Amino acid sequence: MPKRPKARAVQPEPAPQSSSEEEQDEQPLGEELDLSSEEEFADDEGASEEGEEEEQSEDDDEAAAEDGADEDIRQAIAEYYQAASEQQRPADATGNGVPAETSGREHESSGRPLDPGSDSSEDERPSRNTIGDVPLGAKIGKSQRGDKLEQLLARNDSSKALRTIYDAYNDEDIVLSKEELRMIMRIRKGQFPHVEVNPYEPYLDYFSGDVDPTPIINAPEPKRRFIPSKHEEAKIVKLVRAIRKGWIKTGKAKRAQQQQPQVYLLWGDDDQADSAKTGSHLTYIPPAKPKLPGHEESYNPPKEYMPTEEEKAGWELLPPEERPGYVPQAFECLRHVPLYANFIKERFERCLDLYLCPRVRKKRMFIDPKTLVPKLPKPQDLQPFPQTLALRFSGHTSRVRCIAPHPSGQWLASGSDDGTVRLWEVATGRCSAKWTLGEPIMSVGWCPNAALQLLGAAVGKRLVLLLSGLGGEEVEAAARAACKVPAAAAAGGEQQQQQLARWESRPDGGLELHTQHPVRQITWHARGDYFASVAPTGATQAVLVHQLSRHSTQNPFRKNRGRVQRVAFHPLKPFFFVATQNAVRIYNLAKQALAKKLLGGSGVISAMAVHPSGDHVIVGSEDKRLAWYDLDLSTSPYKALRYHSYAVRGAAFHSTYPLFASSSDDGTAHVFHGRVYADLMTNPLIVPVKILRGHKVVDSAGVLDCAFHPTQPWLFTAGADGDVLLFCN
């Protein structure tokens, strides 16, 4: 048994230890005892065997003396505690002092018996008289340990240094025995500390795996085991139906199927494999397959697949939704290919499509794209139509808003924002007459009556009828007589005239009508006796119809359905077209009722023209669209032409040729071939044939008006640059 050192009594005020000594006391166990291997311990044991034999007798004498001293100390402490407990009993009875339970526990702790079944190493040590972990009778303090040099010398001098460890908890050195060292070595090897422990003891089977002949529960059989189950019956019916329809293969069917050659469509279509039904009796619809990569997705595609710098610059100018999803790039090897940035995003969207998007079976139809393109005639076969710029009429100092060719085709009238109306000779481009009216000219129009040769103009809040001076003296005299307002007509109906319009004769022989609102358009009836005016801000007086022979004005509408933009007379029938911002209404003047309503688009209507037959109408709007309406077909547009890039400002039909044109703020005029057939079963043929350019765009205004020559396939255009152009074939 190793020798245990006695507890040392410490002075009340111990000398302070140096920092080196404190560090030495806190050294771990590995520094006190190095048990690296059993060979090292064996060498130490052989070397110190002789020294142990010499000191064995001395150690036995010291141990005997120490045991006797310890026994005397224990006996003295026991007598002291017995006397102290007897003196404290009266105090415990009165409720003062320490409870008796505490003294009993202290007495038990002073001489506690060893527990033979305990594995604690504390039980192997002699009992100590302590309260808790503090010994009684003397102050316990930290012992003074030498410095490193003293410890090294002491270790070299002692033969037990290699198996001596320092117990920091009790502040003492413990010398390990050979048995304890063997236990430590076995623990370090991962073995049991005690050699007598057998880790491979035979297994004792507490429970038997044999089935007992007598059941554990000896209850009678339940009644439900003798009644057929409806649930099982439904299952059997379902299995029988599946076997009959071939959804479930029996052993015989499987063997027959295995004997057949295993063939399949190498390039089969998905539609051919979708005839099989799933277990829920629903037809399986496979998901749409993504597009397979081509040559352009290669890491080093051919040069013909690589985009040029111009193509890349063009792609960058496109909106993000119209840009190509993948731009080909070339790399020398696969190691230089970077990670695809949109891989996770595209996979996630693909999963969402497969999971959330419903699937609909659609039969694939292989159609040649060329067959979808309508077979239109070539523009060369549709001649004549205006193609080249032939003449430029210059003289206006501001934008030209309106033009009107004479019915004979020899003269052209134009109105401008400079407040003048000019009369041009078509053949030479010479300005033969000029009228200064003082305000911007919004619209001009010739009277269809050849016996009068009057020119109407919309100027501010006035309608002015001018004597053109064309024709002989008889024509001029008839025009002056028509424009002369009788005194009786001026005096009669004064109240009505004050509300609608006031008729006055001009000093030069013309006629003026004064209205209450600014007039934007003037248009004549085919007979030349009636003409209509449009004042968009006039509310209930927006549309007025005037009769030249009687010098009277009437308001055909009590209420207008919207802001009126344009009006036109039917060339043959008593119909009147009124175009508001969103619709075109056709009124029957004989019945005084609404005949039809043409639905417009999203833009505000800005131009309107009626076909010479009266069965077709073209309407231009500010949403860059020119709509063709077939009055016998539907109230919706038969065809919408979107060729202009800005708002449409003018539209016109040719009186004899199958041509119509439109002008826009983009500075161009588009010419179309529009043939109308007498057969109602044949749709009109509409073909764009020419784009005419020649005007400059000034302050976001381009070509403001256009009109065809009455007899020739020529087109007149009025531009915001102050010029009037003539395009010929």
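Which residue forms a salt bridge with R462? I looked it up and found E512, with the closest N and O atoms 3.4 Å apart. I count a salt bridge when a side-chain nitrogen of Lys or Arg is within 4 Å of a carboxyl oxygen of Asp or Glu. The pair links distant parts of the chain, as R462 sits in strand β12 and E512 in strand β14, 50 residues apart. The structure holds 14 salt bridges.

A note on the ground rules: this is a predicted model, where local features need pLDDT of at least 70 and side-chain atom pairs count only at pLDDT 80 or more, while totals for chains, interfaces and linings use all residues. Residues are numbered from 1 along each chain as its sequence is written, and side-chain values use heavy atoms, with hydrogens and water left out.

**Entry: the sheet with β12 and β14**

I next traced the open sheet of 5 strands, whose order is β10-β11-β12-β14-β13 with antiparallel pairing. Strands here are DSSP runs (E, at least two residues), helices are runs of H or I with at least four residues, and both are numbered from the N terminus. Two strands pair if DSSP finds at least two bridges between them. β10 (441–446) and β13 (501–505) each have a single partner strand, so one side of each is left without a neighbour in the sheet. Neighbouring strands of this sheet are turned by 20 degrees against each other on average, direction ignored. For angles I use axes fitted as lines to C-alpha atoms, for helices over the stretch in contact, and the values run from 0 to 180 degrees between N-to-C directions.

What packs on this sheet? I found helix α13 (residues 473–483), which touches β11 (454–459), β12 (462–467), β13 and β14; contact means heavy atoms within 4.5 Å. The direction of α13 makes about 155 degrees with that of β12.

I also checked β13 against β14 (residues 511–515): they pair in the antiparallel sense over 5 bridges. E504 stands opposite E512 there, and E512 is the salt-bridge partner of R462.

**Entry: a second sheet**

Another open sheet has 4 strands in the order β6-β7-β8-β9, with antiparallel pairing. Its edge strands, β6 (400–405) and β9 (431–436), each pair on one side only. Inside it, I saw β7 (residues 411–416) pair with β8 (residues 420–425) over 5 bridges, with A413 opposite L423.

I noted a cis peptide bond between Q383 and P384, with omega about 10 degrees. P384 lies in the loop between α12 (369–372) and β5 (388–394). Q453, in the loop between β10 and β11, has a positive phi of about 55 degrees although it is not a glycine.

**Entry: a cavity**

How much space lies in the second largest cavity? I read about 50 Å³. A cavity is a set of points on a 1 Å grid over the protein atoms alone where a 1.4 Å probe fits but cannot get out, and lining residues have an atom within 4 Å of a point. The lining includes F557, N560 and Y587, and β20 (575–580) and β21 (583–588) each supply at least two of its residues.

How values were computed
1 Å grid on protein atoms, 1.4 Å probe; cavity = no way out; pocket = protein on both sides within 12 Å on 5 of 7 lines; lining within 4 Å. Points joined across faces, edges and corners; volume = space filled by probe spheres on them.
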